Amino acid sequence: MSTHPFAHHTHAVSVLASLHELSLTQERDASLRGSHFPKSKADDAIFESQLVALDEDKAKTIYTLLRAIGATSVVEAGTSFGVSLIYLTAAVLDNISASETSGSSPPLVVGTEMELSKFQIAQTNISKAFPSTPLPFLHILHGDLLQTLPAFSSLTTVDALLLDIWANLALPTLKILLPKFHKGTMVFIDNMSQASSAERYAELLAFLNDRKNGFVVSNLGFDGGLGLAVYVGNEDKSS
């Protein structure tokens, strides 16, 4: 039986176990499994109280990939209750610890959340996950991310971006952060292979699959799919 990839963060592992269990219970009870977005106005109130957390196997994979590339500047679009943000924070903490140099830019983990109640709960969950670890590099931006991200001047480079938000915000968010990408920047897109994703993510996928925009795109599988787009720059040498 494999151990948790960051078992050394004992509080984080404990907090995550409880949150993942709660998220799955909520999804089963409300018949939300596989429906990670409201289909109507009537659904909004239901989703406001649901974790709808990134699946544990996906989150562990993202942590592993962030460790592989030594990511120290990571953005999450759609923090909700902070479950996946704990994984991103753990990865950056461990990359900082493993690094022998300070790097070209200071470490940074940025979350975004529109709903005040979720923003506050995310802060609490992060504090419980890392109770004795200073996190001066962690910032959760409250409000409309299309406004808060451009206004956050500390963000100068992005090693990885997790898109776990309503589909209509995915491409605008990507375009805001794209000037801060470098060769090798990873973009993760949750639920990319759901039956409804072709329509919901049509604009985002068209942009990512257009070679002139500089991305290589793959689907990592998992339940509902986890998209991975890697920024490689403009490699189209065709005439």
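**A tour of the sheet from strand β2**

Select β2, helix α5 (residues 116-129) and β3: together they form a right-handed β-α-β unit, where right-handed means that, with the strands pointing away from the viewer, the path from the first strand over the helix to the second runs clockwise. Helices (H or I, at least four residues) and strands (E, at least two) are DSSP runs numbered from the N terminus. The model is predicted, with local features requiring pLDDT of at least 70 and side-chain atom pairs pLDDT 80 or more, while totals for chains, interfaces and linings use all residues. Residues are numbered from 1 along each chain as its sequence is written, and side-chain values use heavy atoms, without hydrogens and water.

Next, select β2 alone (residues 108-113). Six of its six residues are buried, that is, under 20% relative accessible area with a 1.4 Å probe, protein chains only. Leu108, Val110 and Thr112 lie on one side, and Val109, Gly111 and Glu113 on the other.

Strand β1 (residues 73-77) runs parallel to β2 through five bridges, with Ser73 partnered by Leu108. On β3 (residues 138-142), also parallel and joined to β2 by five bridges, Ile140 is the bridge partner of Gly111.

Then display the whole sheet. Seven strands form an open, mixed sheet in the order β3-β2-β1-β4-β5-β7-β6; two strands pair if DSSP finds at least two bridges between them. β3 and β6 (215-219) stand at the edges, each with a single partner strand, so one side of each lacks a neighbour in the sheet.

Finally, select β6 and β7 (residues 226-231), which run antiparallel and share five bridges. Here Val217 stands opposite Ala229.

Note on methods
Buried means under 20% relative accessible area, exposed over 50%, partly exposed in between (1.4 Å probe, protein chains only).
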